[in-house]
Amino acid sequence: MNRIILTAFTANIALASPAFAEADPLTDIIVTGQRDAVTTDEIESDKEIVSTPDAASLVARAPGAALIDNGGLSGQVQYRGLFGDRILVRVNGQRFSSGGPNLMDPPLHYAPMALVDRIEIDRGISPVRKGPGLGGGVNAILKQAQFSEGTAMQPQADLTAGYRSGDNSYLLGGLVSLSNERVKLGVIASYEKGDDLQFPGGTIAASSFERLNYGAHAGLKVGDGSLTLSYRRQETDPTGNPPFPMDIQYFNTDFLSLAYEGKLSDNLYLEVDAGHVAVRHLMDNFSLRQGPASPMNLRATFADADTITAATALRIGTPDRHVRLGADVEVMDKDVRITNPMNADFFLTSLNNISGSRIGGFVESRLALGQIEAEIGTRIDHHRMQAGAPFLGSAVPMGPRILAIGFAASDRNWSDDTIDVAARFWSDMGSFKPRLSLAYKTRVANAVERFSWLPTGASGGLADGNIYVGDLNLRNEKAWIAEIGFDYQDSRFYARPTLFYRRVDDFIQGVPYDDTPGVINSPVEMVANMNGDPTPLRFGNVDAELYGADLDFGWNISGPLHLDGTASYVRAKRRDIDDNLYRIAPPNARVALSWQEQTWHLGAELQAFADQNKISATNDEQPSNGYLLAGLFGHVELTPSVTFDASVENLFDKNYTEHLTGYNRVSGSDVPLGARLPGAGRSAFVRLRWTGF
C-alpha cells in the first residue's frame with residue numbers, strides 16, 4: 001500500500017513520502033491510497049490541527065481547492081473553480097438539502113473539526129456510484145466506535161480542547177466508546193464558541209459563532225457484515241454571516257442513518273443504507289447586527305428542509321476486478337417563510353412546499369486493459385420537482401402580490417432524466433503513474449434557481465449583493481470533462497501535477513433580468529427596486545469553460561528537513577459573452593519548510609496569492625490584490641496519549657483581503673459597507689488532545 005503523509009497544521013500543509021519521512025500518527029493527516037490512490041485521497045483528520053471551526057478550511061488547502069468564506073460556520077468548498085451544489089459534498093456518506101436559501105449551512109457546516117475522523121476527496125471527478133455531481137466529491141466521515149478484539153467490552157476515548165486568540169474562540173469535543181468483537185457503542189459531542197473576528201484594522205462585526213453537536217451510534221456484527229445505526233443532533237446558535245443580508249439565529253438539525261455492509265460470498269459484497277436529515281432554521285437581520293432603522297424592514301425568515309435517502313449496491317467480483325450495480329433514491333421537501341416580527345400580518349412564502357425526488361441507477365466496472373487500470377461507469381437519474389402556490393399575509397404590498405399571482409398560475413411541475421458517464425485510466429509504472437480521466441456530468445437546477453418567484457438576496461450562497469429571481473424554464477447543466485496528470489514518487493521526492501478542462505453547456509448563473517437593465521418596466525424590477533436593487537439578476541443558462549492546473553509536491557532536503565507545498569491555478573470564463581465566472585480563486589501556492597523528529601515538529605509556511613483581475617462584470621465583482629502570509633507551527637508528544645499543538649497565523653499581522661470572502665453587509669462594523677471582508681490578523685492557536693483507556 002502506498003502512503004503519502006499530509007501534515008496539516010493551522011499554518012502549514014506538508015506532504016512527504018514515507019520513504020524519507022517519519023510520520024507522527026498523533027499529528028499527521030494520513031492520505032492513504034490503496035491501488036486506487038490515483039482516484040481518491042482519504043484524509044484521516046482526527047490528529048490534525050486547524051484553527052478555524054469550519055472543516056471546509058481544511059479541504060481548501062488541498063491542491064485545486066479553495067474556501068468560499070461566508071461566515072465562521074458557512075464555508076463552501078471550491079474545487080477547480082466549481083462550488084456550491086456543483087461539488088458532491090456529503091457527511092458520513094449522506095446527501096441532504098441545505099436548510100437555508102442562501103446555503104448558510106453547506107454540508108461541511110455539519111462536520112465540526114473536533115468530530116471529523118477523515119475526509120475523502122475524489123481526485124478530479126466523482127465516480128458515478130456516489131451519485132450525480134458536476135465537479136469533484138468530498139465526504140467527511142465523523143468519528144465512531146470501532147470493533148475491538150475479544151468478548152470483553154473495552155472503553156476508548158478521543159478528547160480534544162483548543163483555543164484561538166484571533167476571535168477568542170474555544171472548542172471541546174470528542175468520542176467515548178465501548179466495544180468488543182461483535183458490538184460497538186459510541187457517543188460523540190462537541191461545543192464551539194467564538195467572538196467577532198479581529199483583523200489589523202479592527203473587528204468584523206457579526207462574525208461570532210456558536211455550535212453544539214451530540215449523538216450516539218451502535219454497531220453489530222452480522223455474519224460477515226456489520227449493521228450500524230446512528231443518530232446525531234446539531235444546534236447552531238446565533239452565528240454571524242457578514243456577506244449575507246441576514247445572520248443565523250439557529251439551525252436545529254437531526255441526522256438518522258441505518259447502514260449494512262458485508263460479504264455475501266467470496267465474490268459478492270452488499271451495501272445498503274437509508275437516512276433522514278431534518279433541518280429547522282431561523283435567520284434575521286437585527287439580532288447580531290445593527291438592524292434597519294424602520295421597523296417595517298425588520299425580517300425574520302424561517303426555513304425547513306427534509307431529506308430522505310436510500311441506496312443499495314452489489315459488487316460482483318474482487319475489490320480490484322469487479323462490476324458494481326446499484327440504485328439510489330433521494331426525496332426532498334423545503335419551505336421558506338419570510339416574516340416581520342413586528343407585524344403578524346406580514347408574511348410570505350418565497351419557497352412554499354417545494355418537493356423533489358430523484359431515482360437513479362448505475363453500473364460501474366473496475367477492470368484492466370493490458371497494463372492500464374480502468375474504472376468506468378454510467379448512471380441514469382429521473383428527477384422531479386414541484387412548488388406550491390405562495391401564501392401571503394394581508395400586510396404584504398401589492399407588488400409581491402402581483403408576482404405571487406403570476407407564479408401561482410404558472411406550471412410549477414418539472415421533471416427530466418439525466419445521464420452521467422465517468423472513466424478513469426491509470427498505469428502503475430513503478431515510481432511513475434500516468435493517469436487520465438474523461439467524464440460527461442450533469443446538474444439540475446436547485447429550488448432557489450428554479451422556483452424563486454420573489455426577488456430577494458437569496459442566491460444559493462453566491463453572496464454577491466445582487467437581488468435574484470428564479471426561472472421555471474432552466475435547462476440542466478452539462479459538462480464535458482478531461483483531466484490528465486501523473487504521480488511521481490521516489491525515495492526523496494514526489495509530485496502530483498494535473499491539467500484539467502471543463503466545458504459546461506447551460507451553466508446556471510445570474511444574468512440581467514431582461515434586455516433593458518436599469519429600466520424599471522416590469523413587476524419584478526419594481527419589487528427589486530423597492531428592495532434596493534434596480535438591476536435584479538435572473539438565474540439563466542449560459543455557456544462556460546474552466547481550465548487550469550494544480551500540483552502538490554514534497555522533497556526530503558536532508559534528514560528531518562523537508563520542503564513541501566501545493567500550487568493551484570484555474571481560469572473560469574463564459575463562452576457566450578466576454579465575461580468571467582464569479583468568485584474564482586486567484587492563482588496561489590503554499591510552501592512549508594519543516595523539521596520533523598520522532599516526537600516533535602517545528603516549521604514555517606509561506607502562502608502566496610496573486611491578484612485576481614479576471615472578475616465577473618455581470619455580478620458586479622470587485623478585483624482583489626495579491627498578498628503573502630507567513631505562519632509558524634509546532635507539535636510535541638507529551639506522553640504516548642497526550643499531545644500539544646501550537647501555531648501562529650499571519651505572523652506579521654498583515655492587513656489583506658481574500659478574494660473569496662465576499663462583501664460586508666453589516667452596518668456599524670470596522671469594515672465599510674460593500675467592502676470586501678478582510679482576512680484574520682495575527683492569531684495564535686493551541687490544542688491539547690488525549691486518547692486513552
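# Exercises on a predicted model

By the distance rule for side chains, this structure comes to 45 salt bridges. The model is a predicted one. Let us work through some of its features together.

**Exercise 1.** Find out which parts of the chain the salt bridge between Arg-80 and Glu-483 ties together.

*Solution.* 
- Step 1: check the distance. The closest N and O atoms of Arg-80 and Glu-483 are 3.1 Å apart, and a salt bridge needs them within 4 Å.
- Step 2: place the residues. Arg-80 sits in the loop between strand S6 (76-79) and strand S7 (88-91), and Glu-483 sits in strand S26, so the bridge ties together parts that are 403 residues apart in sequence.
- Step 3: look at the surroundings. Both Arg-80 and Glu-483 are buried.

**Exercise 2.** Decide whether Asp-85 and Arg-443 are buried, partly exposed or exposed.

*Solution.* 
- Step 1: see how they meet. The side chains of Asp-85 and Arg-443 form a salt bridge, with 2.8 Å from N to O.
- Step 2: locate them. Asp-85 is in the loop between S6 and S7, while Arg-443 is in strand S24, 358 residues apart.
- Step 3: apply the cut-offs. Buried means under 20% relative accessible area, exposed means over 50%, and partly exposed lies in between. Asp-85 has 44%, so this residue is partly exposed. Arg-443 has 6%, so this residue is buried.

**Exercise 3.** Classify the aromatic pairs Tyr-440 with Trp-480 and Trp-690 with Phe-693.

*Solution.* 
- Step 1: know what to look for. A pair of aromatic rings is described by the distance of the centres and the angle of the planes.
- Step 2: take Tyr-440 and Trp-480. Their centres are 4.5 Å apart, with 55° between the planes, and the pair is tilted. Trp-480 is partly exposed, at 49% relative accessible area.
- Step 3: take Trp-690 and Phe-693. The centres lie 5.6 Å apart and the planes are at 80°, so this pair is edge-to-face. Trp-690 is partly exposed at 31%, whereas Phe-693 is exposed at 66%.
- Step 4: widen the view. The structure holds twelve aromatic pairs, and Phe-96, Tyr-110 and Phe-255 form one aromatic cluster.

**Exercise 4.** Describe the largest nonpolar core and the place of Leu-581 in it.

*Solution.* 
- Step 1: give its extent. The core has 58 residues, and Leu-581 is one of those with the most contacts inside it, as are Val-59 and Phe-507.
- Step 2: find the main contributor. Strand S28 (residues 498-512) gives the most to this core, with four residues.
- Step 3: list contacts. Beyond its neighbours within four places in sequence, Leu-581 touches residues including Phe-507, Ala-544, Leu-546 and Ala-572.
- Step 4: look elsewhere. Apart from this core lies another, of 38 residues, including Leu-351 and Leu-454.

**Exercise 5.** Which strands give two or more residues to the nonpolar patch on the surface?

*Solution.* 
- Step 1: collect the members. Tyr-163, Tyr-170, Leu-172, Leu-638, Phe-644, Val-686 and Leu-688 form the patch, with about 600 Å² of accessible area together.
- Step 2: name the strands. They are strand S11 (169-179) and strand S35 (683-692).
- Step 3: check one member. Leu-172 is found in strand S11 and counts as partly exposed, at 45% relative accessibility.

Methods
Residues numbered from 1 in each chain as written. Predicted model: local features only at pLDDT ≥ 70, side-chain atom pairs only at ≥ 80, totals over all residues. Heavy atoms only, no water. Core = buried A, V, L, I, M, F, W, Y, C linked by side-chain atoms within 4.5 Å. Buried < 20%, exposed > 50% of the residue type's maximum accessible area, 1.4 Å probe, protein only. Contact = heavy atoms within 4.5 Å. Patch = residues over 30% accessible without salt bridge, like charges linked within 9 Å, V, L, I, M, F, W, Y side chains within 5 Å. Areas by Shrake-Rupley, 256 points an atom, 1.4 Å probe, with all protein chains shown as cover. Phe/Tyr/Trp six-rings, centres within 6.5 Å; stacked < 30°, edge-to-face > 60°.
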